[in-house]
Amino acid sequence: MAGLYDNTALTERVILVGVSLQENDDTQESLDELEELAATAGAVTVGRLVQNREKIHPGTYLGKGKIEELKAYIWEVEATGIICDDELSPAQMANLADALDVKVMDRTLLILDIFAARAVSSEGKIQVELAQLRYRATRLTGLGTAMSRLGGGIGTRGPGEKKLEMDRRLIRSRISQLKKELEGVERHRETNRSQRRKTGIPVAAIVGYTNAGKSTLLNRLTGSNVLEEDKLFATLDATTRELILDGGQKILLTDTVGFIRKLPHHLVEAFKSTLEEARYADIILHVVDSASPQRDTHMYVVYDTLRQLNVGDKPVITLFNKTDLLTEKEQQIRLNDFRADRSVSISARSGEGMEELKAALEQILRQRQLLIERVFDYSRAKDVAVLRKYGQVLEEAYREDGIYVKAYVPKEVYARLDF
């Protein structure tokens with residue numbers, strides 16, 4: 001049996017399959033994205049097939065006639081499998097595999113496979129395996145049959161690749177174990193959040209559609225070296241770095257996993273602790289690929305995902321990134337996001353707009369600070385050091401009667417000092 005799950009390199013030749021439920025919907029754009037996902041997973045797209053239907057067929061995803069057409073298409077282009085643009089039910093996956101006699105995958109399986117290949121940290125690996133097992137637990141029969149036809153390739157990567165050999169009882173046991181491990185990681189993450197809150201250093205969460213340029217922005221602002229690739233889901237693990245603004249104010253920037261349309265609920269659940277960095281942040285930096293023709297759709301997906309995470313009361317700065325890829329005429333049009341508190345056009349690659357972004361951050365942070373002006377006794381030099389570290393000192397002078405300080409101070413820090 002082990003040979004059935006041999007993870008040898010295999011270039012899948014796939015046909016992308018979608019169902020269009022109404023005229024002029026975004027099915028073709030969604031398939032464009034699916035093709036990018038397939039390429040990221042190492043597959044070659046050799047064709048597309050779209051069926052216009054009032055609703056998705058509950059048993060086979062496609063109608064009977066379209067399945068026959070797809071079968072002939074598979075033979076014609078020598079495809080080794082198909083990828084459906086929606087999450088298939090166990091019955092749909094099994095029935096399609098039986099009818100077509102090739103490997104059947106769906107959007108969720110594809111994204112899980114990419115996540116499995118990209119997970120680096122122990123937390124990321126736990127999250128991916130948990131999502132894989134939850135997905136596969138209900139698909140053991142159908143997925144196992146499809147995979148046995150081809151061996152390795154998409155859907156066989158990552159820590160969950162051997163789990164199809166387990167029975168349901170063992171999978172349930174493993175899921176329970178992983179959930180406990182993840183709870184421990186989440187407790188550690190919450191401890192870190194609590195410590196951050198105590199310091200009074202504000203946190204900005206960088207969110208955005210996958211491949212919008214979040215990691216490039218983090219690197220540009222903080223001089224860090226987070227992986228940057230022109231691929232979907234280049235980085236999965238949340239990374240936090242410190243940025244010192246021009247006025248001396250410190251702020252922590254946290255990169256988050258990219259959002260995508262039809263983000264599998266298994267992943268939303270598994271990556272909740274990572275995605276919730278946005279929920280506990282003070283400011284949201286929403287990075288948008290301004291050069292993408294799907295810019296508006298991507299923005300909608302991000303806001304909808306934030307809504308699902310109950311992130312609705314944070315100041316938002318929308319950053320229209322990759323302006324260097326726009327035409328001269330497009331660059332003259334001022335991009336704006338009416339749902340955000342501020343909109344800034346930037347290029348994280350070239351550095352354009354960084355000063356305007358920093359100014360916008362300082363302006364928003366100023367709203368959650370208090371202006372103090374007083375003289376501290378020399379015995380309270382430690383308090384002055386706290387103001388320097390967490391606030392923005394405008395004036396400081398050493399006088400006979402003590403240390404004169406005029407500064408903007410975060411409300412949390414002000415509450416801790418004995419005034």
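Reader: Which residues in H1 meet H4?

Author: Start from the rule that a contact is heavy atoms within 4.5 Å. In this predicted model, H1 brings Ser30, Glu33, Leu34, Leu37, Ala38 and Thr40. On the H4 side they meet Arg107, Leu110, Ile111, Ile114 and Arg118. Helices here are DSSP runs of H or I with at least four residues, strands are runs of E with at least two, and both are numbered from the N terminus.

Reader: At what angle do H1 and H4 pack?

Author: Axes are lines fitted to C-alpha atoms over the stretch in contact, with angles from 0 to 180 degrees between N-to-C directions. For H1 (residues 27–40) and H4, the angle is about 35° and the axes lie 10 Å apart.

Reader: How do the residues of this contact divide into nonpolar, polar and charged?

Author: Ala, Val, Leu, Ile, Met, Phe, Trp, Tyr, Cys and Pro count as nonpolar, Asp, Glu, Lys and Arg as charged, and the others, Gly among them, as polar. The contact of H1 with H4 has six nonpolar, two polar and three charged residues.

Reader: Which residues touch the most other members of the largest nonpolar core?

Author: Nonpolar side chains tend to be buried together in soluble globular proteins. A nonpolar core is a set of buried Ala, Val, Leu, Ile, Met, Phe, Trp, Tyr and Cys residues joined through side-chain atoms within 4.5 Å. The largest has 79 residues, and Val17, Leu37, Leu70, Ile82, Leu96 and Phe233 touch the most other members. H4 (residues 107–118) gives the most to this core, seven residues. Leaving out residues up to four places away in sequence, leucine 70 touches Ile15, Val17, Leu49, Leu62, Ile82 and Leu100. Another core, of 24 residues, lies apart from the largest one and includes Ile283 and Val344.

Reader: Is serine 215 buried or exposed?

Author: Buried means under 20% relative accessible area, exposed over 50%, and partly exposed in between, with a 1.4 Å probe and protein chains only. Serine 215 has 9% relative accessibility and therefore counts as buried. Serine 215 is in helix H8 (residues 214–222). An unreviewed UniProt entry annotates Ser215 and Thr235 as "binding site"; such annotations may be inferred rather than shown by experiment.

Reader: Is glycine 312 buried or exposed?

Author: Glycine 312 counts as exposed because its relative accessibility is 71%. Glycine 312 sits in the loop between helix H11 (295–308) and strand S9 (316–321).

Reader: What are the ground rules?

Author: Residues are numbered from 1 along each chain as its sequence is written. Local features need pLDDT of at least 70 and side-chain atom pairs pLDDT 80 or more, totals for chains, interfaces and linings use all residues, and side-chain values use heavy atoms, without hydrogens and water.
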